[in-house]
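Subject: Structure for you to look at

Hello,

Here is the structure I said I would pass on.

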Amino acid sequence: MNRRTLLGGAALLALVLGALPAAADPAEALAALQDQVLSTGPNGEEPTAASEVTLTDEEIEQIKGMGATAAIVLHYGGNDWSRAQVAGLQDQFAKMGIEVIAVTDAGFKPETQVANLETVMAQAPDIIVSIPTDPVATASAYRAAAEAGAKLVFMDNVPQGFTAGTDYVSSVSADNYGNGVAAAHLMAQALGEEGGEIGVIYHAADFFVTRQRYDAFKATIEENYPNIQIVAEQGIGGPDFTGDADKAASAMLTSNPNLKGIWAVWDVPAEGVLSAARAAGRDDIVITTIDLGENVAISMAQGGPVYGLGAQRPFDQGVTEAILAGYALLDKEAPAFVALPALPVTKDNLLEAWETVYHAPPTENVTASMGQ
């Protein structure tokens, strides 16, 4: 049981944002999120700021002399978030003289990830950085990897029964609860004082960080915006998250003709909501989500249905994970849970936010869309 379960959404938001009136001011609430982390770790751990995770020049030189290797074992690699994570990891590992010998993609299937882990372990990497597709189904495979000597650093989620500092080095995450809060305030900002009925498309899986987003979005709407009513909810399991969300949103729009907005749990399902809205001729629908992918960014840039989102910082997350792997090689004590703050994004700060998230200029498709 973590802190959020004990305190409840209302108490936690009151602690961080101060006591809010019945109808919050979205702009003020979003500004208050910038320097806060609302999430706790998978086992209820208090967050450590990523800025506190560092290596000295001498420590980096020591790591370079080890000739260490690393493998990156993803849940799936088919989105901008995963690609940015890998880029951050590879960039930092290169600075530390650590060779990345494998990058795998499980297609969000636990059995594929287990097979990937077994294949990777045949190469005996010193480090594995990974995000479990399922904390139960993959636990034994991660346990075998740890027992074989691999140092484990996790993105977002950890296997069931694993303890930081004993079974793995650390877990690193965005503030997923905070990003869910941001997406809710952005929805309220877009709908205005009139409010209205909205739908929610969540991830129907035992996946810690996406559950945090869903819980945060619902709690923030229900506790702060009495003029907004959640009238439809649908879980999607994937692996075709775009197609599943398209079907779910289409059904919502048909059953609820007064629907004003739909929240999707991340950008890939949000693309499915966009498709459904276009097919229904509902370009007026408001969509908010989490993760700054190119397709939702283009919609924002064009003033389309995607009004705003809570962005993670995947490149910086990857850098932090690589540094923590260095901690393990040096037997340096590591924090159990490290988190990076939420980043609310709308068209107004889209180009700047892209640079922050990806450490690269916005794509041509995004910049070209700003003038449309």
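This is a predicted model: local features need pLDDT of at least 70, side-chain atom pairs count only at pLDDT 80 or more; totals for chains, interfaces and linings use all residues.

Helices H12 and H13

Start with helix H12, residues 314-329, and helix H13, residues 350-358. Their axes are 5 Å apart, and the two helices pack at an angle of about 20°. Angles under 35 degrees count as roughly parallel, so H12 and H13 are roughly parallel to each other. On the H12 side the contact is made by Pro314, Phe315 and Asp316, which meet Thr356, Val357 and Tyr358 in H13. By class, the residues in this contact are four nonpolar, one polar and one charged.

The largest pocket holds about 250 Å³ of space. It is lined by 15 residues, and those closest to its centre are Gly165, Thr166, Asp167, Tyr168 and Val169. Two elements give two or more residues each to this lining: helix H6 (139-147) and strand E5 (151-155). H6 supplies the largest share, three residues. Sorted by class, the lining has seven nonpolar, six charged and two polar residues.

The second largest pocket has a volume of about 210 Å³. Twelve residues line this pocket, and Pro42, Pro135, Asn157, Val158 and Asp206 lie nearest its centre. Its lining divides into six nonpolar, five polar and one charged.

Backbone spots to check

Most residues other than glycine have a negative phi, and most peptide bonds are trans. The following places depart from that pattern.

- Gly238 and Pro239 are joined by a cis peptide bond, with omega about 10°. Pro239 sits in the loop between strand E8 (228-236) and helix H9 (241-255).
- Asp156 is not a glycine, yet its phi is positive, at about 65°. It lies in the loop between E5 and strand E6 (170-174).
- His359 is not a glycine either, and its phi is also positive, at about 55°. It is found in the loop between H13 and helix H14 (364-369).

Asp156 has 3%, so Asp156 is buried. His359 has a relative accessible area of 45%, so His359 counts as partly exposed.

Regards

Terms used
Residues are numbered from 1 along each chain as its sequence is written. Side-chain values use heavy atoms; hydrogens and water are left out. Axes are lines fitted to C-alpha atoms, for helices over the stretch in contact, and angles run from 0 to 180 degrees between N-to-C directions. Helices (H or I, at least four residues) and strands (E, at least two) are DSSP runs, numbered from the N terminus. Angles under 35 degrees count as roughly parallel, over 145 as roughly antiparallel, 65 to 115 as roughly perpendicular and the rest as oblique. Contact means heavy atoms within 4.5 Å. Ala, Val, Leu, Ile, Met, Phe, Trp, Tyr, Cys and Pro count as nonpolar, Asp, Glu, Lys and Arg as charged, and the others, Gly among them, as polar. On a 1 Å grid over the protein atoms alone, a cavity is a set of points where a 1.4 Å probe fits but cannot get out, and a pocket is an open set with protein on both sides within 12 Å along at least five of seven lines; lining residues have an atom within 4 Å of a point. Grid points are joined across faces, edges and corners, and a volume is the space filled by probe spheres set on the points. Buried means under 20% relative accessible area, exposed over 50%, partly exposed in between (1.4 Å probe, protein chains only).
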